[in-house]
Every structure is written in C-alpha cells, then in structure tokens.
Amino acid sequence: MKKKISKFVFTYLLPVVMILTAGFFALHNVSDIFQKAYAVSGNGGIIYVAKNSTYNMNGGSLSGATAVNGGAVYVAYDGKFYLSGGTISGNTATTNGNNIYNAGYFTMYGGTVGSPDIITDGYGIYNTSSMYLNGGAVYDDIYSSTVVYTKTSAQIKGKICLGNSATIKLQDYTGD
C-alpha cells in the first residue's frame, strides 16, 4: 500500500505540483517579485509602501532613520502614501530622498516634512511620480522629475528643483 502511494505521489502528484508552481512564477508579475526584493535592499528606513498598497499617516513622528532611498518613507510604483498629520524629519538617504522618496502617489494634506531647525544635505523629498501638496509644511528642498501639484494652503519653505520636463501646477490660485 505504501509503495502504491509513493508511486502515485512521485509519478503523478509531484509533477503536477511542479508544473503549477512553475506556471505561477511564469505568469506572476515579475516586477512585484523584484519590488519586494528591492524593499529588502534598504529602501524606506521606517515605512515602505509597496505596489498597490496604501499607507495613511495621521500623526506621530518619523526621525533618525537611514536608507538607500527614502530615509523614512519609500513609496513604490503604484503605492499610495497620504500624509495628514505628524512630522517626518531628521532622516538620511544615501542616494535620494532623505525623508521621502516617491515613485508612486504622495498626497500631503497636513503635517510637516523637514524642520526649520535641521538643515539637510540633498533633497528631503525626491519625487519621480505623482505628488500633491494640498496642505501642511515642507521645510526640506524638493526634487521632482514630474509635475508637482500644489495648493496655496501648502507651505513650502525649501527650494523646489525641477527636472527637464517637470512643472509646478498651482491648483487653487485666484490671482489675488
């Protein structure tokens, strides 16, 4: 009886499992696998917002972290990060975005990025995708290679450096 079960498992069941496993990896989105591996490689010192994920920060403080990109927060392609309150400052990235590196969607309604008391080298926010500054205060310098959407209620105290084809769009300016 045990011999028949063993023969069945190795002859029929194991090959089916192997084919299904290979099919899963062949059909699975390879970028998801690499993106998860990339997160492990040191991006996002405190928060890593993965593809198709959403993170809402409503308060608290993120400081003292170090990462390759996004000293405190790394937003991956198609990830969404909403900042409504709290402070992100005093972090370090060895490559880009001392406080935030955005390759997905970053929307700021409130809170603070950077600090008037801490001057950082490089850019506090490094944006390569969709960024909406609707409120709050940004004391850090910002780099963007795409459009920066902002409203007059957002306080931008640092410099904004734009890539070759990037622009700033002030969404609620009335001309007053």
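Leu83 stands opposite Met108 in β10. The pair sits where strand β6 (residues 80-83) meets strand β10 (residues 105-108). These two strands run parallel and are joined by 4 bridges. The model is a predicted one.

**The six-stranded sheet**

Both strands belong to an open sheet of 6 strands. Its order is β2-β6-β10-β13-β16-β19, and the pairing is parallel. β2 (54-57) and β19 (168-170) stand at the edges. Each has a single partner strand, so one side of each is left without a neighbour in the sheet. From one strand to the next, the twist averages 10 degrees.

Further along the order, β10 is joined to strand β13 (residues 130-133) by 4 bridges. Here Thr107 stands opposite Tyr132 in β13. Strand β13 in turn pairs with strand β16 (residues 148-150). That parallel pairing has 3 bridges.

| Strand pair | Residues | Bridges |
|---|---|---|
| β6 and β10 | 80-83 and 105-108 | 4 bridges |
| β13 and β16 | β16: residues 148-150 | 3 bridges |
| β10 and β13 | β13: residues 130-133 | 4 bridges |
| β7 and β11 | 87-88 and 112-113 | 2 bridges |

**The five-stranded sheet**

Another open sheet has 5 strands in the order β3-β7-β11-β14-β17. Its pairing is parallel. β3 (61-62) and β17 (155-156) take the edge positions. Each of them has a single partner strand, so one side of each lacks a neighbour in the sheet.

Within this sheet, strand β7 (residues 87-88) and strand β11 (residues 112-113) pair over 2 bridges. Thr87 has Thr112 as its bridge partner in β11.

Asp78 lies in the loop between β5 (73-75) and β6.

Leaving aside residues up to four places away in sequence, Asp78 touches Lys51, Asn52, Ser53, Ala103, Gly104 and Tyr105. One of these contacts, Tyr105, falls in strand β10 (residues 105-108).

Note on methods. Residues are numbered from 1 along each chain as its sequence is written. This is a predicted model: local features need pLDDT of at least 70, side-chain atom pairs count only at pLDDT 80 or more; totals for chains, interfaces and linings use all residues. Side-chain values use heavy atoms; hydrogens and water are left out. Two strands pair if DSSP finds at least two bridges between them. Contact means heavy atoms within 4.5 Å. Axes are lines fitted to C-alpha atoms, for helices over the stretch in contact, and angles run from 0 to 180 degrees between N-to-C directions.
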